[in-house]
Amino acid sequence: MGGGETGRDTSGSGRATVARIYDYFLGGTYNFPADREAGDRIIHAVPETPTIARANRMFLRRAVRKLATLGFRQFLDMGSGIPTEGNVHEIAEQVDPRSRVLYIDIDPVAVMVSNEMLVGNPYCRAIVGDLTRPDELLEALRQPDLAEIIDLTQPTALLYFSVLQSVPEDQLHRAVEPIRNELPASSALAISHIGPTIIDTAGADPVNDGIGVYRTHAATHITLRSAEQLLPLFDGFTLMEPGLTRSSDWHPDANNEDPYHEQPERSPMLCGIGLRR
């Protein structure tokens, strides 16, 4: 259900990770048997999961495209996961080839694959980092080598695409606020998050069954949150229309790329972008 995580796998193959399970849901190739086994168990419990992953991916593309057309040239992608086609830098570079993107993920495999893909690109990089330790991330961002990629004195788009549900409730605001508050005027905050309603199509308690698989196999607990719970994360920012809403309702593409476009009420993915004036 997310592209990043707060559980760690330094071996690259033993325990499933959220980044690689998500890659599996999207039909990617950067996953291991443990990730596929966990992914299949989640799909058995919540058959909508791959569709939810695709909806999040489509929001990522629309959101980055919108931000780039608004003039954003710096993107900080938290819990970025395994790179797949149409990632943040690819979308942003369609507007300006000099767009700068820093990907941050706790999974070393995700970071390794990202940097392999970014070889020869002087404007983009990936680093290992824990989004629940924002003070450490801010210290890293102040170092000269990363400051060449992201200059936090300049307007920056801070991105949390389907990753905050892996952050426990007691850490949520402590994870987001230090970096959010560091952003200068004219910056942006983009969030997508699984809402509390997921279509129950299998099992006695499919949502909790699926969450249990994440906890067991990836050492990650998933927390579903409502719009009311997420709105305080946008304090100091003005939400773009139509606000924090279902993915299919947020600036739908002319090609109706969101998998829920015909039945928007079925989409459990909440999405929004806030702008700091």
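Is D35 buried or exposed? I looked it up: D35 is buried, with a relative accessible area of 0% (buried is under 20%, exposed over 50%, partly exposed in between, with a 1.4 Å probe and protein chains only).

**Ground rules.** I am reading a predicted model, where local features need pLDDT of at least 70, side-chain atom pairs count only at pLDDT 80 or more, and totals for chains, interfaces and linings use all residues. Residues are numbered from 1 along each chain as its sequence is written, and side-chain values use heavy atoms, leaving out hydrogens and water.

**Salt bridges.** I found a count of 11 salt bridges (a side-chain nitrogen of Lys or Arg within 4 Å of a carboxyl oxygen of Asp or Glu). R20 pairs with D35, their closest N and O atoms being 2.9 Å apart. R20 lies in helix α1 (residues 18-25) and D35 in helix α2 (residues 33-45), so the pair ties together parts 15 residues apart in sequence (helices are DSSP runs of H or I, at least four residues, and strands are runs of E, at least two, numbered from the N terminus). R20 is buried too, at 0% relative accessibility.

D107 also forms a salt bridge with R20, at 3.0 Å between the closest N and O atoms. D107 sits in the loop between β2 (100-105) and α5 (108-117), so this pair links parts 87 residues apart in sequence. I noted D107 as buried, at 1% relative accessible area.

Elsewhere, R225 and E169 meet in a salt bridge (2.9 Å, N to O). R225 is buried at 0%, while E169 is partly exposed at 42%.

**To remember.** Shared partners join R20, D35 and D107 into one network of salt bridges.
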